[in-house]
There are 2 protein chains.
Amino acid sequence: MEKKMQELKTRYREIYDIHSALSVLSWDQNTYMPPAGTEARGRQMSTLGHIAHEKLTDPAVGQLLEDLSGYEKNIPYDSDEAGFLRVVRRQYVNAVRVPPDFIAAFYNHVAQTYQAWVEAREEDNFAKVEPYLEKTLEYSRQYASYFNGYEHIADPLIDRADYGMKASALKKLFVELRRQLVPLVEEVTSYPPTDNSCLLQHFPKEKQIEFGLKVIKKLGFDFERGRQDMAPHPFMTKFAHGDVRITTRINENQLGEALFSSIHETGHALYELGIDSHLEGTPLHDGTSAGVHESQSRLWENIVGRSYGFWTYFYPQLQEVFPSQLGNVTLDQFYRAINRVERSLIRTDADELTYNLHVIIRFDLELAMLEGKLAVKDLPEAWRSRYQSDIGIASPDDKNGVLQDIHWYMDYIGGMFQGYTLGNILSCQFYEAALKACPEIPVQITQGEFGTLHEWLKDNIYRHGSKFTAEEIIERATGSSLTIEPYMNYLRSKYGELYPGK
Amino acid sequence: MEKKMQELKTRYREIYDIHSALSVLSWDQNTYMPPAGTEARGRQMSTLGHIAHEKLTDPAVGQLLEDLSGYEKNIPYDSDEAGFLRVVRRQYVNAVRVPPDFIAAFYNHVAQTYQAWVEAREEDNFAKVEPYLEKTLEYSRQYASYFNGYEHIADPLIDRADYGMKASALKKLFVELRRQLVPLVEEVTSYPPTDNSCLLQHFPKEKQIEFGLKVIKKLGFDFERGRQDMAPHPFMTKFAHGDVRITTRINENQLGEALFSSIHETGHALYELGIDSHLEGTPLHDGTSAGVHESQSRLWENIVGRSYGFWTYFYPQLQEVFPSQLGNVTLDQFYRAINRVERSLIRTDADELTYNLHVIIRFDLELAMLEGKLAVKDLPEAWRSRYQSDIGIASPDDKNGVLQDIHWYMDYIGGMFQGYTLGNILSCQFYEAALKACPEIPVQITQGEFGTLHEWLKDNIYRHGSKFTAEEIIERATGSSLTIEPYMNYLRSKYGELYPGK
């Protein structure tokens, strides 16, 4: 058995290496690649992706998994080897169920859809991408059909990002969240809008970068094992245990954009950097789900990075960097500005309070389409109507409506959005558990010390990588299953202070 | 046959893509990779290298080549398809003759040798790397033995970089070159040393980069299809027809270093950028040999970049960028400074006139070791004695002697150096042919116009990629075989003007 285990590990390590190489190609494409490199890069990535897929679906892998299934039953569930076998099996089954021809045809379709979307958005012309989106919906249903026996047609699609989460449970969760959020947003937005003009001045690029690097270093980003570059869209990517990278972009006329996106991506990076090094080369050396991953970016960005305590420490330093812009702005004014709530059209610009409403709209519409209750041609109208009812504002055009997010135009319909809101919910559930264990964390944050929080997260979440499912990690780290209570408490308390009742 | 041709092309394209991916990984390693990424990067590259090797040596490739050999005889020699079949066959034969176990063992040995060399050089202790180098010599002989039937044991090693060149011909060529160069160097270095203090001032990094980019853009480097980054060692690399990159490094206390290395790498890049786009994905989309490649870097760096005409155009602009440093330095003083000749110990710092003597010493010592006429333990002494006799100066230590170049410590002994001198010789042979066809080139250079020269080179050399061997390219482009005459004429004329006889 040991020999078979070793063979499976060797085979998987090769797949892992190819995926790492793919990540380097993709990082380069998004950071430094010259314009004329696009076509060849696409081909290189598809070649490597194809090879990795071939290696994963090699019948020998299936045979090894079968041969090892007895062995697996006799080792402890929480051992690395058992985790390894569980996750490899899951990936193998997913990979062999979906025919390679389907995958090839779908990604060919996606490339065309993406092109159509770029034009449709530019021209504010949904009709241009509508036929493509209809086909995407068909492909998405077809994908689900390869996983016969599902409870809801969206489940196999949700599984891709948030393994084990079910549409039924998410629906219930999101209905309850929405029920509580809509009136809260209504209340807060009945106040006159917060003055955020202090953020809308000219902040030179180099100084923003320098300050951002100082902040994320303090949060624990290890520059021996990673780096930050500029990219049109911020993201985090990992090439190895010792090479985790983030990107950011600078808006010289808005201070918050670069700073909070840097902290957000640092949260993702701390997760990947914190996985046990001996899991490298296995599928366990990876965050366990989109939701848990997002919980870490949101925890560091919002709970930490938009807190009063955090800025008690950092604001004087920020003022030193931008004396003419912020010298006369008080900490209190600045804190209010970075936490301004407003009814807005664009998800990625949304504040903490309204953000989930944007997500839930998308999630519900995805499900409605998959269930056959909403036709693609009626999507723009459904979008508008939900924005009006949930957020109280609706876009007259589609480019700031249904065409704003890339997700449905570069992948399946289904399973694309739930991770964002799961992340917000979980960020508070995890943070509450951390505070219970280490009540000194908030005071430390006001002193610019993040080690205790970082260690707790590493110990309870990061180090395990994907050894446990999201459900298991939540249960182990917090002692309970997923719950919105800590999140709603956090929002009520934070915004209750900011808007202390009329 | 068409179907088989297509299959071979498809198979080769995959290999090409994997090699392109490998180049991206290597570029990243040398430019941006954080320190802790090293180990995993090595593994990723070895995984991809292994896959590419497997695909090239697949028996199906051999079968296709055999099936197509009749077809090949019936298509014109200078057709793309015939070129494709010739070069794929050459690569296939080389790959299958050398056992995979030998390759693996050798690269394992090389990794250790490299480590030992780093330490040996630091400590100036040749003994530390001596046993490794002895083993490298054995490996090099073993490698040659897989190509039984060679004329000289170095030929199979020379073939790796300069296909078709023979040790016997190179020996003859280099003996003659050395016979003419040694007295020329002696004469020139009998003059008092040229004052180059104008180059040894403080030149801020950003301004050096900016000026360098302006120059290489003017030379024809296409930034839509490439870019320049910083790296500890300048190099050129290609990921695709539309993605060719160079690197440079800045020495703030020496103006020439960054500038001439940028122009040098631009020469390499112009070659790769000039290959016909429809050859992409085949082994023809690559420079034809180390010698011809180096001829392009040296042509642009030396014949163009160190010429009086070139600086007639650029020097006023350089003075504008560095007014306090160069405002009082005349064009003539500057021209003399960048062409200063001196007896020196380090190859990479050597001027145009002495450079080949450094190379010929290494070439001769390689051959002597392979022939069994020189033992590794006697190498440092042999090095010193040749430096004394050829260049008139010898290093008392080994770190500025036999330990200075990385080549023998990261690859085979044999075939490592001839390309540099072939490049110098060819740069003049090609340039002379270009002038014959377009006598207006020198005047255009004084006007900052490089298009005519660039077009001639593209038309006669670049566009063919590897379709023709070096020998064929030389014959086609210049109407004669390799000859040192144009090179010696160039050196005599240039240095005759700079040092006009006592």
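# Exercises on the interface of chains A and B

In this predicted model, 37 residues of chain B are in contact with 37 residues of chain A.

**Exercise 1.** Find how much area chain B and chain A bury between them, and which residues of chain B lose the most area to chain A.

Solution. Start with the total: the two chains bury about 2,900 Å² between them. Next, look at the atom types: 59% of that area is on carbon and sulfur atoms.

**Exercise 2.** Which element supplies the largest share of the side of chain B that touches chain A?

Solution. First list the elements that each supply at least two residues: helix 1 (2-31), helix 2 (38-56), strand 1 (226-230), strand 2 (236-240) and strand 3 (243-248) of chain B. Of that side, helix 1 gives the largest share, eleven residues. Sorted by class, the side holds 17 nonpolar, six polar and 14 charged residues.

**Exercise 3.** What rotation superposes chain B on chain A?

Solution. The rotation is 180°, with 0.1 Å of shift along its axis and an RMSD of 0.0 Å. That is the relation of a two-fold axis. Finally, compare the two sides: 100% of the interface residues of chain B are also interface residues in chain A, so the copies meet through the same surface.

Definitions and conventions: Residues numbered from 1 in each chain as written. Chains lettered and ligands numbered in written order. Predicted model: local features only at pLDDT ≥ 70, side-chain atom pairs only at ≥ 80, totals over all residues. Heavy atoms only, no water. Contact = heavy atoms within 4.5 Å. Buried area = accessible area lost by both parts, 1.4 Å probe. Helix = DSSP H or I, 4+ residues; strand = E, 2+ residues; numbered from the N terminus. Nonpolar A, V, L, I, M, F, W, Y, C, P; charged D, E, K, R; others polar. Least-squares fit on C-alpha atoms with pLDDT ≥ 70 in both.
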